[in-house]
Amino acid sequence: MDTKFMKSAIEKSKSQKVDPHLPPIAGTLFGVFLVLAVLGAILGDGKISDALLGTWVLGWTLVGTYILFALKVANQWEKAVVLRLGKFLGLKGPGMFWIIPIIDTATAWIDHRVIVTSFSAEKTLTKDTVPVDVDAVLFWVVWDAEKAALEVKDYQSAISWSAQTALRDIIGRMMLADILVGRSAIDEELQHIIDQRTTPWGITVQSVEIRDIVIPQVLEDAMSRQAQAERERQARVILGESEEQIAASFAKASEAYINNPTALHLRAMNMLFEGLKEKGALVIVPSSAVDTMNLGGLSGMVSLAQNNVPKENK
């Protein structure tokens, strides 16, 4: 049993007490008539007979009491369901309306605004037997107050339970990977299923949104390691493709130098010069390059020039 949902349902049932909807105007009029009755009794004491005073007080008290219980006011966003001797009489409101006390009763006040209901599914097994916790939000509205009052006892609790069972059913039919990446599909399917169940109650589901999906910590760590390994694999693949492109560039360059050894020598000498410009630089040159490009003599000349610079300065 979903503990969070049970707690919210209990709190909701406690808060849903009988609302008499006694408007302030009815209470005010009742007070005015009661004051008139008391003032008339005080002013007429000793001047008018007791029977007439009693009639005066009783009459104004009855009028005030009738207005207190007969006058009702429904807010702009709600409708009152009125029963006469237990049978449906009609919908009243918004605004002020009258009922006959004792004979008529306003049993339900239906809110026509968009209502937000949160629901969840705890420790629900997916198709691949992974327990998950899913939290969702339901947006719905009552479009037929008569059906909402007469077709179901407590339409707010009914739609909450219906949403929770639908969510559990969808989770049980899907793999964990599909749940994690297919939130929009779950939202649409939930809305369709819940709307089918609540349409006979005069309720329309506008949208359903999955807020959070919680998986076991051990599985979350394993998925994190898997994602890291996948990123490392992609990095190695990219590095290999880069090496392949570099090798292709070198192969293309070698085709340009194969029939022009002078250009190759000039390029090698330029590379050697760039390396020797830095102070303290160490350049390693293959012996084959030294022999073919006469780099040994060039290096000796450079060394001799560097040794002669201090003597000239002196």
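User: In what order do the strands of the open sheet lie?

Analyst: Strands of a sheet pair through backbone hydrogen bonds, either parallel or antiparallel. Here three strands form an open sheet, ordered β6-β7-β8, with antiparallel pairing. Strands (E, at least two residues) and helices (H or I, at least four) are DSSP runs, numbered from the N terminus. Two strands pair if DSSP finds at least two bridges between them. β6 and β8 are the edge strands, each with a single partner, so one side of each has no neighbour in the sheet. From one strand to the next, the twist averages 20°.

Analyst: This is a predicted model: local features need pLDDT of at least 70, side-chain atom pairs count only at pLDDT 80 or more, and totals for chains, interfaces and linings use all residues. Residues are numbered from 1 along each chain as its sequence is written, and side-chain values use heavy atoms, leaving out hydrogens and water.

User: Over how many bridges do β7 and β8 pair?

Analyst: They pair over 10 bridges, in the antiparallel sense. V134 has I213 in β8 as its bridge partner.

User: Which strands does α5 lie across?

Analyst: Angles run from 0 to 180 degrees between N-to-C directions, with axes fitted to C-alpha atoms, for helices over the stretch in contact (heavy atoms within 4.5 Å). α5 lies across β6, β7 and β8, at about 35° to β6. α7 lies across β7 and β8, at about 140° to β8.

User: How many residues has the largest nonpolar core?

Analyst: A nonpolar core joins buried Ala, Val, Leu, Ile, Met, Phe, Trp, Tyr and Cys residues through side-chain atoms within 4.5 Å. Buried means under 20% relative accessible area (1.4 Å probe, protein chains only). The largest core has 38 residues, and W140 is one of those with the most contacts inside it. α5 gives the most to this core, with eight residues.

Note on methods. Buried < 20%, exposed > 50% of the residue type's maximum accessible area, 1.4 Å probe, protein only.
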